[in-house]
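Me: I am new to this structure. Please show me how to read its features.

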Amino acid sequence: MMLTRSLRPVRTGVRALHTSCGLVGYPNVGKSTLFNSLTQTQQAEASNYPFCTINPNTAKVGIFDDTILSLAEIVQPEKVVPAQLEVWDIAGLIKGASEGAGLGNRFLSNIRTVTVIIQVIRCFTDVNVSHVEGTDSFDPVSEMDAVKTELILKDIETCQKRMKRRGQPKEETVFWEKLYNHLNEGEAARDMEMTKEEDLLVRQLSLLSHKPVVYCCNTDAEAMEEGDNEISSEFKQYINENEPNNPVITLSATLEDEASIIKNDGKTDAEKKELFNEYFEAYGSSGSKLPELLSICSDHLNLQKYYTAGPAAVSSWLIEKGTTADEAAGKIHSDFQKNFICAEISRLEDWEQYGPTEENLRKYNKWQRYGKDYVMKQGDVVVFRHGAK
Ligand SMILES: Nc1nc2c(ncn2[C@@H]2O[C@H](COP(=O)(O)OP(=O)(O)OP(=O)(O)O)[C@@H](O)[C@H]2O)c(=O)[nH]1
Ligand SMILES: [Mg+2]
């Protein structure tokens, strides 16, 4: 099918990145607790009653991955500036949300603004935390399904409106009908096979079930020794069998939240790091799962990182996979792209072996020059040469 009329013109220059993640799920499953741990704040009220969050909380969160931390340890810069993802803590959804139940319409429109959904699944067993449906039983699969269904129902409504639009090309109407039938089968829009053109077309609607999803099992702190409890293991198995394209990760939001408080208590960085690790070790856990969660999200957004390293700062930068060297330079400053000369690239392994300075790496020939068409690789450590003043 040709949908060329709907194709957006190809933009040149610096590409805008869409990097927001929304915490979505049933009420009282730990979304705000997770938000607070990600932002290392107590910005969001997290309390034991459903619909505690009404207005969304939002903050930018730095992605401290192993590469940026290792580079910082080698280079000892004045500051470390990680790439950031925006995180939204959204109100809980219940059955009927797409028809307005529990202020559902308002909450669903908050989801429309994010690019990836982190669906939080309650897997902790604390019966003192009330369940929105008043039960003590845990059925994460049906809760996950209920939320997914509400998103699909909302999308059906959106798709229906679009189908009725007058004067659109015949092939577009045919496509909307195909999508409408797919959604009516209870299938998420992201699971429909589409051509590139159709994908561009569907993006115009910002459909909720078209957004990539990452499942996040919120389990008991005590379960972290094994990595999972019975509930999260079963849920993971279900996702692996039924939605193998969607990543699933297990963490304990309360453990992460309590540990994140250590990061704000005025000790030196080294002391904080030690205390932080000890906290997780006390629960038999290998450490915080938040960097992994953020990495999964950026991966799922088709993003990768490159790094810059010097005495003033070690930084990481998010770019789309497939970005060329000049476009990557434009991420730092548009003039760097306009006046691009070359990219000089090294790798963390070389810094580990020959660091801590650029001069050392040059001496050992671990510093390669590339032109503007070089396609950036995950983990490149770069210096851009440019003629910008
Ligand atoms: N035992 C236990 N309690 C948790 C865990 N995560 C969250 N809670 C508790 O569950 C309650 C609800 O947590 P919130 O983070 O407010 O949940 P929410 O999903 O944001 O809830 P809404 O905003 O109402 O949708 C709070 O009392 C938390 O302390 C957990 O891993 N274990
Ligand atoms: Mg909340």
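Me: Are Phe175 and Trp176 buried or exposed?

Reply: Buried means under 20% relative accessible area, exposed over 50%, partly exposed in between (1.4 Å probe, protein chains only). Here Phe175 and Trp176 are both buried. This is a predicted model: local features need pLDDT of at least 70, side-chain atom pairs count only at pLDDT 80 or more, and totals for chains, interfaces and linings use all residues. Residues are numbered from 1 along each chain as its sequence is written, and side-chain values use heavy atoms, with hydrogens and water left out.

Me: How is a pair of aromatic rings described?

Reply: By the distance of the centres and the angle of the planes. Rings of Phe, Tyr and Trp (its six-membered ring) pair if their centres lie within 6.5 Å; planes under 30 degrees apart count as stacked, over 60 as edge-to-face and the rest as tilted. The count here is 10 aromatic pairs. Phe175 and Trp176 form a tilted one, 5.2 Å centre to centre with 55° between the planes.

Me: Which kind of pair do Tyr354 and Tyr364 form?

Reply: A stacked one: 4.6 Å centre to centre, 25° between the planes. Tyr354 sits in helix α13 (residues 348-354) and Tyr364 in the loop between α14 (358-363) and β11 (368-370), 10 residues apart. Helices (H or I, at least four residues) and strands (E, at least two) are DSSP runs, numbered from the N terminus.

Me: Which residues form one aromatic cluster?

Reply: Tyr306, Trp317, Phe340 and Phe384.

Technical notes:
Chains lettered and ligands numbered in written order.
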